[in-house]
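These are notes for a colleague who is new to reading structures. Please keep the sequence and the model open while going through the points.

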Protein chains: 2
Amino acid sequence: MNILIVYAHPEAKSLNGALKDFSVAHLQQAGHQVQVSDLYAMHWKTTLDADDTQQRLDPLHFDASKESRHAFANGQQSADIAAEQAKLLWADAVIFQFPLWWFSMPAIMKGWFDRVYAYGFAYGVGEHSDTRWGNRYGEGSMQGKRAMLVVTSGGWESHYSERGINGPMADLLFPIHHGMLHYPGFDVLPPFLVHRTSRVDEDRYATLAHALGQRLDTLFSETPIAFRAQNGGDYQIPQLTLRDDVAPGQTGFHAHVIPHRP
Amino acid sequence: MNILIVYAHPEAKSLNGALKDFSVAHLQQAGHQVQVSDLYAMHWKTTLDADDTQQRLDPLHFDASKESRHAFANGQQSADIAAEQAKLLWADAVIFQFPLWWFSMPAIMKGWFDRVYAYGFAYGVGEHSDTRWGNRYGEGSMQGKRAMLVVTSGGWESHYSERGINGPMADLLFPIHHGMLHYPGFDVLPPFLVHRTSRVDEDRYATLAHALGQRLDTLFSETPIAFRAQNGGDYQIPQLTLRDDVAPGQTGFHAHVIPHRP
């Protein structure tokens with residue numbers, strides 16, 4: 001299969017660099033084709049701005065969405081954006097690997113999403129009607145592809161637990177899992193997490209690499225997070241609130257995950 | 001008082017630009033001193049990297065935290081970073097204004113936090129012991145200052161409601177409110193939110209500006225979000241989980257907010 005790794009870390013000789021290299025080798029040994037978007041090494045342009053389109057729709061007033069739609073539809077996107085979109089279309093699975101900085105991804109990767117996720121490609125796809133609100137949240141350009149986060153954090157696992165001070169990791173990652181990956185149609189796998197990165201010695205690294213290898217081996221068989229589909233009947237349209245009989249009384253992120261059936 | 005507006009939008013002739021200009025004028029008319037960090041206009045360097053320190057601690061291996069600590073402690077930070085820190089120290093209140101892109105801030109503002117929030121300035125402050133885990137989550141360099149988000153979104157308010165498909169706005173903003181503002185000690189005010197930005201005509205703009213003006217008038221009197229203090233007795237140290245008798249049975253983001261007393 002074809003696997004894209006989108007990777008953001010400023011130092012190759014780091015835990016992140018080692019785990020990324022391990023993933024590439026492990027996936028290739030299993031017979032997969034692998035591409036890596038090493039954002040720091042590529043000097044990825046982080047900031048979305050008027051230079052992202054080769055020919056402006058409106059040279060006097062920059063509207064990010066309208067310019068993105070126009071550039072995407074007319075082959076006028078910046079070449080670096082189009083190249084990343086081509087990698088996404090090529091991939092059967094995408095791994096996003098980054099250190100958790102301020103409870104989210106580094107700016108360079110946020111800028112990858114801001115710029116590569118064009119209008120007509122990742123949003124503004126499909127028709128709006130009484131029964132559909134665009135192809136998103138379970139449908140879209142990434143439908144049929146899988147995505148998984150690999151995230152390292154300096155903090156302790158307990159700090160990110162259900163009652164930990166940072167908030168539960170699953171909730172901190174919800175805007176990424178649900179809002180950036182489920183949104184354009186990816187099947188989102190549970191993340192691979194590494195905590196207390198300052199305390200990784202050779203033994204622990206071997207354990208981590210082994211565990212990551214197991215996750216890579218099951219990339220195409222593991223059960224994705226059961227996020228609800230927007231147009232599957234669970235939501236009122238156009239309000240896009242859960243119907244009263246769906247997860248009755250529940251609020252917040254967890255209401256958008258179909259519970260396990262015992 | 002001294003008020004800093006950190007602002008991220010690529011087009012001056014936009015709703016965001018108009019609201020930012022309104023805020024500056026309104027605050028100045030009220031007698032405040034105002035500085036604006038207009039990140040796009042400043043061509044803010046978005047990506048944290050080895051160029052952020054003028055003299056490397058270790059030229060062969062870039063460790064972001066260690067280099068940040070060394071540069072901050074020894075006056076070797078990049079000048080743009082030191083200038084933003086000086087503005088933060090000058091300010092009595094800070095407003096962060098941005099459009100919601102992919103359920104978070106634009107990359108250019110994430111890069112402002114990644115780079116300006118240095119080790120020794122915004123994290124790694126204070127001592128760790130059996131009763132304290134550093135000066136953070138209610139203590140730190142920003143203690144005594146107020147912060148407020150001004151956030152615009154294209155989506156409908158119902159899409160961000162308690163059972164809305166995007167997740168509740170308060171939860172989407174928790175990693176910013178709690179993890180980036182409460183963390184270094186800010187008192188965090190409820191956000192000022194604008195939804196359906198594509199449907200703002202003159203009448204609605206006047207209503208929005210009036211409401212924003214009222215929020216600016218009460219910047220120093222409004223009650224902040226009641227996030228719990230890390231070292232105030234509610235958390236076990238070093239696990240940093242809520243003590244069993246605090247918000248018993250509660251999990252997730254809301255457990256870290258002290259409930260209203262009726």
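1. A loop residue. Gln76(B) sits in the loop that joins helix H2 (64-73) to helix H3 (79-90) of chain B. Helices here are DSSP runs of H or I with at least four residues, strands are runs of E with at least two, and both are numbered from the N terminus. Gln76(B) counts as partly exposed because it has 16 C-beta neighbours inside 10 Å. On this scale, 20 or more other C-beta atoms within 10 Å make a residue buried, 12 or fewer make it exposed, and anything in between is partly exposed, with C-beta atoms placed from the backbone.

2. What Gln76(B) touches. Neighbours within four places in sequence aside, Gln76(B) is in contact with Thr53(B), Gln54(B), Gln55(B), His70(B) and Ala71(B). A contact means that the C-beta atoms of two residues, placed from the backbone, lie within 7 Å. The C-alpha atom of Gln76(B) is 8.7 Å from that of Asp52(B), although 24 residues separate the two along the chain.

3. Basis of the model. The model is predicted: local features need pLDDT of at least 70, side-chain atom pairs count only at pLDDT 80 or more, and totals for chains, interfaces and linings use all residues. Residues are numbered from 1 along each chain as its sequence is written, and chains are lettered from A and ligands numbered from 1 in the order in which they are written.

4. Chain A as a whole. Eight helices and six strands make up the elements of chain A, in the order β-α-β-α-α-β-α-β-α-α-β-β-α-α from the N terminus. The radius of gyration of chain A is 19 Å, close to the 18 Å of the globule rule for 262 residues, so chain A is as compact as a globular protein of that length. This radius is taken over C-alpha atoms, and the rule is 2.2 Å times the number of residues to the power 0.38. Of the 262 residues in chain A, 45% are buried.

5. Helix H2 of chain A. Which residues of helix H2 (residues 64-73) of chain A are buried? They are Ala64(A), Glu67(A), Ser68(A), Ala71(A) and Phe72(A). Seen down the axis of H2(A), these buried residues fall within an arc of 125°, so they line one face of the helix. The arc is that of the directions from the helix axis to the C-beta atoms. After H2(A) comes Gly75(A), with a positive phi near 65°.

6. Where the chains meet. Chain A and chain B each put 54 residues into the contact. On the side of chain A that touches chain B, H4(A) gives the most, with six residues. The residues of that side divide into 26 nonpolar, 19 polar and nine charged. Here Ala, Val, Leu, Ile, Met, Phe, Trp, Tyr, Cys and Pro count as nonpolar, Asp, Glu, Lys and Arg as charged, and the others, Gly among them, as polar.

7. Symmetry. A rotation of 180° with 0.0 Å of shift along its axis superposes chain A on chain B, with an RMSD of 0.0 Å. This is the relation of a two-fold axis. In chain A, the C-alpha nearest the axis belongs to Ala107(A), 2.4 Å from it. Copies are superposed by least squares on the C-alpha atoms of residues with pLDDT of at least 70 in both.
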